[in-house]
Amino acid sequence: MKLLLIEDHQDIANIIFDFFEIKGYTLDYANNGLQGYELAKQHHYDLIILDIMLPRMDGYMVCQQLREDGIDTPILMLTARDTREDTLEGFATGADDYLIKPFDLEILEARITALTRRRKGTTATKTLQFGDLSLDLKTHIATRENRQISLNPTLFTILKLMLLRAPNILKKQEVMNTLWGDDEPENNVLRSHIYQLRTQIDKGFSHSYIKTIPKVGYQLIKQIKEDNQK
């Protein structure tokens, strides 16, 4: 799991790094809000741990701006500000959870696990749906216009990520990280998988769901969007 920690208190950052790296997590770090915002825009993370009182851009602004940019990575606010108004403002700007300093590291890990599990759709969701395209998370079978499409593990993972992000853009780097981690192949390997997925999901239908956003990633688009572009 890859985390982004945005925290200007170096001692707290060191404690979090020591605890999570021993457990096998990968962490990136920013000591100010602006740097954290840029990292969150440029890279894929499973979760962002975000302090509120930050130099250059406070946590509320970072969270709000990321949500306005369409970045829906789970955000856990970690702060010493414990009033009711502070908590409500954090949720209002798009945070998913709120933990007060001082905190228990195991509680922090439990919150992270719960948020990422929920984000990946492994708690209650059994089927993902977008338009007339659906994906059964148990059988790995996609359905479109009553046609069932069996997917291999790689294509299943890519389509699942697309459906989880839809209608937002799925970044290419997120797909690469999910499929291969640090052992990324050449870009043409991913391009080949996308071609195979298009062949199975879009070929033979009047509307193509999968759209490539050059140099960025991929997006599922509905029929009405395509019609408006004509």
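This note goes through the fold, the sheet, the hairpin and the backbone exceptions of a predicted model.

1. Basis. The model is predicted, with local features requiring pLDDT of at least 70 and side-chain atom pairs counted only at pLDDT 80 or more, while totals for chains, interfaces and linings use all residues. Residues are numbered from 1 along each chain as its sequence is written, and side-chain values use heavy atoms, with hydrogens and water left out.

2. Overall form. The protein chain has 9 helices and 12 strands; these are DSSP runs, helices being H or I of at least four residues and strands E of at least two, numbered from the N terminus. The C-alpha trace spans about 55 × 40 × 35 Å along its principal axes.

3. Of the 230 residues, 45% count as buried (under 20% relative accessible area; exposed is over 50%, partly exposed in between, with a 1.4 Å probe and protein chains only). The accessible surface of the protein chain is about 12,100 Å², and carbon and sulfur atoms hold 49% of it; areas come from the Shrake-Rupley method with a 1.4 Å probe, and for residues only the protein chains shown count as cover. Among contacts (heavy atoms within 4.5 Å) between residues at least 6 apart in sequence, 55% join residues at least 24 apart.

4. The parallel sheet. An open sheet is formed by 5 strands in the order β2-β1-β3-β4-β5, with parallel pairing. Strands β2 (26-30) and β5 (97-100) stand at the edges with a single partner strand each, so one side of each has no neighbour in the sheet. On average, neighbouring strands are turned by 20° against each other, direction ignored. Pairing requires that DSSP finds at least two bridges between two strands. Strand β1 (residues 2-6) is joined to β3 (residues 47-50) by 4 bridges, and Leu 3 has Leu 47 as its bridge partner in β3.

5. Helices on the sheet. Helix α3 (residues 59-68) lies across β1, β3, β4 (75-79) and β5, at about 175° to β4. Helix α4 (residues 84-92) lies across β4 and β5, at about 145° to β5. Axes are lines fitted to C-alpha atoms, for helices over the stretch in contact, and angles run from 0 to 180 degrees between N-to-C directions.

6. The hairpin. Strands β8 (residues 141-144) and β9 (residues 147-150) run antiparallel and are joined by 4 bridges. Ala 142 stands opposite Ile 149 in β9. The hairpin has 2 residues between the strands, and Glu 145 takes a positive phi near 50°.

7. Backbone exceptions. Most residues other than glycine have a negative phi, and most peptide bonds are trans. The bond from Lys 101 to Pro 102 is cis, with omega near -5°; Pro 102 is in the loop between β5 and α5 (105-119). Ala 166 and Pro 167 are also joined by a cis peptide bond, omega about 5°, and Pro 167 lies in the loop between α6 (153-165) and β10 (170-171). Arg 56, in the loop between β3 and α3, has a positive phi near 75° and counts as exposed at 68% relative accessibility. His 140, in the loop between β7 (133-136) and β8, has a positive phi of about 65° and is partly exposed, with a relative accessible area of 26%.
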